[in-house]
Number of protein chains: 2
Amino acid sequence: MSEQTDVAAPHPAYDELRRLLREAATLQSASSIIGWDQETHMPPAAAPLRAEQMAVLSSLIHERRTSPRIGELLARCEGDPSLGADPGAAANLREIRRDFDRHTRMPGDLVREMAETSSRAMHVWRDARERNDFAAFAPWLEKIVVLTQRSAEALGWPEGGVMYDALLDQFEPGMTTAEITRTFQALRGGLAPLIRAVADSGVQPDVSWQRTPISIAKQEAFNLDVVRRMGFDMDAGRLDVSAHPFCDGIGPGDTRLTTRYAEDQFPSALSSTMHETGHALYEQNLPKGGHFGEPLAEAASTGIHESQSRMWENLVGRSHPFWEWALPAIRQSFGPSALDSVDVDAAYRSMNVVEPNLIRIESDEATYNLHIMLRFDLERAMLSGELPVRDLPAAWNERIRADLGLEVPDDARGCMQDIHWSMGAFGYFPTYTLGNLYAAQFWATLRRALPSLDDDLRRGEFGGLLGWLKENVHAHGRRFTAPELCERITGARLSHEPLLRYLEAKVRPVYGL
Amino acid sequence: MSEQTDVAAPHPAYDELRRLLREAATLQSASSIIGWDQETHMPPAAAPLRAEQMAVLSSLIHERRTSPRIGELLARCEGDPSLGADPGAAANLREIRRDFDRHTRMPGDLVREMAETSSRAMHVWRDARERNDFAAFAPWLEKIVVLTQRSAEALGWPEGGVMYDALLDQFEPGMTTAEITRTFQALRGGLAPLIRAVADSGVQPDVSWQRTPISIAKQEAFNLDVVRRMGFDMDAGRLDVSAHPFCDGIGPGDTRLTTRYAEDQFPSALSSTMHETGHALYEQNLPKGGHFGEPLAEAASTGIHESQSRMWENLVGRSHPFWEWALPAIRQSFGPSALDSVDVDAAYRSMNVVEPNLIRIESDEATYNLHIMLRFDLERAMLSGELPVRDLPAAWNERIRADLGLEVPDDARGCMQDIHWSMGAFGYFPTYTLGNLYAAQFWATLRRALPSLDDDLRRGEFGGLLGWLKENVHAHGRRFTAPELCERITGARLSHEPLLRYLEAKVRPVYGL
């Protein structure tokens, strides 16, 4: 963390480059506010105008990011040996080049069309999901698929790769479809027997206490307290409600996360809040103060981002020590009579049920990854043309039956449950499981570095953990690629084994296996 | 309303011009969302980023509005006789020319500096007002005054006019400092004896019922109901809370108003809500569908805009027939025991108390105008350099003593009570009294056109009134200037007399004069 990032000699080209990037990021942050508003406060009749706003802004941002001036300045900086000798500047320039090349490959018209179409498609999706009307959504998904294919063609992919690599690279630089396929297969190979053993065990932890009705107001107060305890700075951010929880690190001093509540599902809201707060802490602790708009102030990858949310949601939020703190805290917050019938062991077990669920975001840590593998396969099939959009519901339902043994009762709980495809975010889903993998691998390392971690969690103290994450993950921004970061932190490349070992060690005792 | 606005012949230059204006308006609408967020939801630490966002956007908007391409297209359209023969297109082009000339006179750097400075100054003002610390605000107000002087110099003013004319013209085209000074003097000449007579009457209507504590939640429900009843389309807008209530007609399908609540001042929240809803109804009924971004879809002037808010707040909301509906409705909404001690006559009288108040927005319909005259005079003195910013509190307090007979206890309730100067909105205040004048003059006309108006109000029915306003005011956009609109609607130019007659007729009976 002590490497020099502000070079001493004057570098007018580097300064101007940073200023232009900051300006583009400022426009992007304006667009983020508007996107946040769309999900939280926008009146329905404003949807067409919102699509126009997003389109105009994204075209302006694209214009700035691809301006020939950036190319000129970048070339001058790359030829400057004193910048090359500075590790911070060198990493910054390497990533600026990556972004510039990627952005300049995308035609402005296509960027604009995608922004406008996805903004409308998200609205159609929301309505269609509510009315369980896939036919209404299908034409918009078809448009999105075509625009995504055009984007992938424009971005290009390496010799010997596949079209999907171009999309993956937007979220997980350096990762390939082939490597994900292999890692997912290895993970699946270990998960399938575990999930089968659980099903065969006959054990069914009691989860009825999770349905205890708790008023939304009480849940809001408790979730807000957890967010603060985790170390989120409420002066520099917000917690709101939206249909699909998300977090946006809009810019310095403005990180916004959302969650959602149901009276009879308070643990689900808590998990969702902890997940998004994991993202939010990463965003708040990236070095945006001096480097806003530069890769140094950005997340290493979507998978690394997801590792932060998953760690807080699962490795912290479903651990026994955490529940030793959380259950009494919940009782105190929700009222003395609430949840009288449950003890910490029972709460812990019920938070770690392994049971196939139709809904991805309600799934447990083990079967969740099967949801991701399904989406990874189906979205590649849609893009290759192998799976026409109209056949998506049938393919989805068939795969849910095969992998999870469940019947999909309607598309709202099937292929329309996620917002991602309506947003045009193809290539995004696999990063969720990559996040699980990174989280488990980091966790194994940090437990050795933080011997008091379990005791901290038992007291609802998260400062030690956050401090470690700040130093080892957050502060680096994109200084290292995700694989570099993983190796730097854990001494090894990404592997399916830490996640599998963690799940085995947790799930088997819960089910008496 | 039946004039042709879409010309039949093809006009590529006119079409392109309209498209460019729509794009600039779309960016402006994005900036409006961000401005709304700043007042309602933004976390405090985001203030510096917000200032950057506003500055970048306003510079982009300015760039677009002043692009040479607009000038070329405009010149070509102005030379096209078939466009000149179409009344809608002719009015549109006349106003586009007005805007273009005004925008091109303002240097981009100045626009950007004003946007950034005012965004920060608003934050400083908010904090300073809270801590009653004028010294903290003064340096920012000085910056704003200097930037405003530079803006006025850039905009210019006619031979024989004064610098303030340049600022006025931004809000009330065609109005002059001289004409306002004359009209305000005539109004003052009639108001002073009325206010004196009230003070000498010894009558003090009982206003204690207004302090009845009503929970914010109940007030919110009632205010929302009133907003809907007035005809505001909640699918195309929102009602929120902010420190200083405002309304922003962001764009088609998105009109947002705010109000503010205190448990012991529900009539004040109601007045504020009705005021902003008056603005909001104008915005929702401007012909934005086909003409967004064009003058045809914009308000005639700030004074006309204010006439709409004042009419709903005062001429409707403080009338006897309205209270015949409102009092029982309030009782039903707030609970059976609330407000038992008041009857309609007493409620009506207490809503029409004339009594000097330190706070402009809590002032009655008569003394309110003295507040405006004071600000009109002091802001001109600050701009001319006659009144240094550091002497503002003393000058303010002196004038409040002379005009209203009150001692100002602190600057928070004195010269820091309004947001306007921190926003750089010099030249804006007089439009409030212009609004009162227009509202009274329109009201006199519409009462003759709507013989059932009082009966409608007694039933809480506002459709007839809204229909008349839509047809006679809203639908025209900027097709007519404010003076033209006034003459078209009332058959006469703006005069101080209708307002004075209306106040005399209402206030004297309340005070037994």
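One aromatic cluster in chain A brings together A:Trp209, A:Phe222, A:Phe266, A:Trp312, A:Phe322, A:Trp323, A:Trp325, A:Phe334 and A:Phe462. Here rings of Phe, Tyr and Trp (its six-membered ring) pair if their centres lie within 6.5 Å; planes under 30 degrees apart count as stacked, over 60 as edge-to-face and the rest as tilted.

This is a predicted model, where local features need pLDDT of at least 70, side-chain atom pairs count only at pLDDT 80 or more, and totals for chains, interfaces and linings use all residues. Residues are numbered from 1 along each chain as its sequence is written, chains are lettered from A and ligands numbered from 1 in the order in which they are written, and side-chain values use heavy atoms, leaving out hydrogens and water.

Over all chains, a search of the whole structure gives 42 aromatic pairs. One of them, A:Trp421 with A:Phe426, is stacked, with 6.0 Å centre to centre and 20° between the planes. How accessible are these two residues, A:Trp421 and A:Phe426? Buried means under 20% relative accessible area, exposed over 50%, partly exposed in between (1.4 Å probe, protein chains only).

| Residue | Relative accessibility | Class |
|---|---|---|
| A:Trp421 | 4% | buried |
| A:Phe426 | 0% | buried |

Now to the place where the chains meet. Eight salt bridges are counted between chain A and chain B (a side-chain nitrogen of Lys or Arg within 4 Å of a carboxyl oxygen of Asp or Glu). In one salt bridge, the side chains of A:Glu23 and B:Arg112 meet at 3.6 Å, N to O.
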